[in-house]
Amino acid sequence: MPRRFIHHHGCGQGGYLHTTPYGVVLLARCRSCGAEREMDREALDKAYVGMKDLSDIAARLRCTSCGEKNGDLLAGYWAD
Ligand SMILES: [Zn+2]
């Protein structure tokens with residue numbers, strides 16, 4: 001059974017990278033093909049310096065599966 005991602009609404013889309021607590025999983029989910037990829041918070045911080053809005057960062061993420069820029073960046077955690 002695949003792990004289930006629980007979107008934490010308190011710090012999810014519309015939230016900010018710098019207010020997202022450490023330990024929270026950042027999951028990029030493609031709206032075109034449904035691919036999901038766990039993002040490294042440190043890497044995002046470095047790659048998108050000055051961009052704090054998760055939805056702004058999401059708009060610049062390109063899906064590694066289908067190549068579309070049509071993703072959401074969700075903050076949450078994995079449930080067993
Ligand atoms: Zn995709």
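Modeller: Let us begin with exposure: a residue is buried if 20 or more other C-beta atoms lie within 10 Å of its own, exposed if 12 or fewer, and partly exposed in between. Please keep in mind that this is a predicted model.

Colleague: Is Arg-31 buried, exposed or partly exposed?

Modeller: Arg-31 has 13 other C-beta atoms within 10 Å and is therefore partly exposed. Arg-31 lies in the loop between β2 and β3. Setting aside residues up to four places away in sequence, Arg-31 touches Asn-70, Gly-71 and Asp-72. By contrast, Leu-17 is 14 residues from Arg-31 in sequence, and their C-alpha atoms are 21 Å apart in space.

Colleague: How do Glu-42 and Lys-69 count by the same rule?

Modeller: Glu-42 has 9 other C-beta atoms within 10 Å, so Glu-42 is exposed. Lys-69 has 13 C-beta neighbours inside 10 Å and so counts as partly exposed. Glu-42 belongs to helix α1, residues 41–47, whereas Lys-69 sits in the loop between α2 and β4.

Colleague: How far apart are Glu-42 and Lys-69?

Modeller: In sequence they are separated by 27 residues, and in space by 21 Å from C-alpha to C-alpha. Lys-69 and Arg-3 are 66 residues apart in sequence, with 25 Å between their C-alpha atoms. Which residues does Lys-69 touch is a separate matter: leaving out those up to four places away in sequence, they are Ala-59, Leu-61 and Arg-62.

Colleague: Which elements make up the chain, and in what order do they run?

Modeller: The chain has 2 helices and 4 strands. Read from the N terminus, the order is β-β-β-α-α-β. The radius of gyration is 12 Å, close to the 12 Å that the globule rule gives for 80 residues, so the chain is as compact as a globular protein of that length. Along the principal axes, the C-alpha atoms fill a box of roughly 35 × 30 × 20 Å.

Colleague: In what order do the strands lie in the sheet?

Modeller: The order in a sheet is read from the pairing of strands. Here 4 strands form an open sheet in the order β1-β4-β2-β3, with antiparallel pairing. The edge strands are β1 and β3 (36–39), each of which pairs on one side only. On average, neighbouring strands of this sheet are turned by 50° against each other, direction ignored.

Colleague: How many bridges join each pair of strands?

Modeller: Strand β1, residues 4–7, pairs with β4 over 4 bridges in the antiparallel sense; there, Arg-4 stands opposite Ala-79 in β4. β2 and β4 are antiparallel and pair over 6 bridges, and the partner of Val-25 in β4 is Gly-76. β2 and β3 also run antiparallel, joined by 4 bridges. In β3, Leu-26 has Met-39 as its bridge partner, while Ala-28 has Arg-37.

Colleague: What lies between the strands in the hairpin of β2 and β3?

Modeller: That hairpin has 5 residues between its strands, and Gly-34 takes a positive phi near 85°.

Colleague: Which residues are in contact with Ala-58?

Modeller: Apart from its neighbours within four places in sequence, Ala-58 is in contact with Ala-28, Gly-71, Asp-72 and Leu-73. Both Ala-28 and Leu-73 are themselves listed in the core.

Colleague: Of the contacts between residues at least 6 apart in sequence, what share joins residues at least 24 apart?

Modeller: The share is 70%.

Note on methods:
Residues are numbered from 1 along each chain as its sequence is written. This is a predicted model: local features need pLDDT of at least 70, side-chain atom pairs count only at pLDDT 80 or more; totals for chains, interfaces and linings use all residues. The radius of gyration is taken over C-alpha atoms; the globule rule is 2.2 Å times the number of residues to the power 0.38. Two residues are in contact if their C-beta atoms, placed from the backbone, lie within 7 Å. A nonpolar core is a set of buried Ala, Val, Leu, Ile, Met, Phe, Trp, Tyr and Cys residues joined through C-beta atoms within 7 Å. Two strands pair if DSSP finds at least two bridges between them. Axes are lines fitted to C-alpha atoms, for helices over the stretch in contact, and angles run from 0 to 180 degrees between N-to-C directions.
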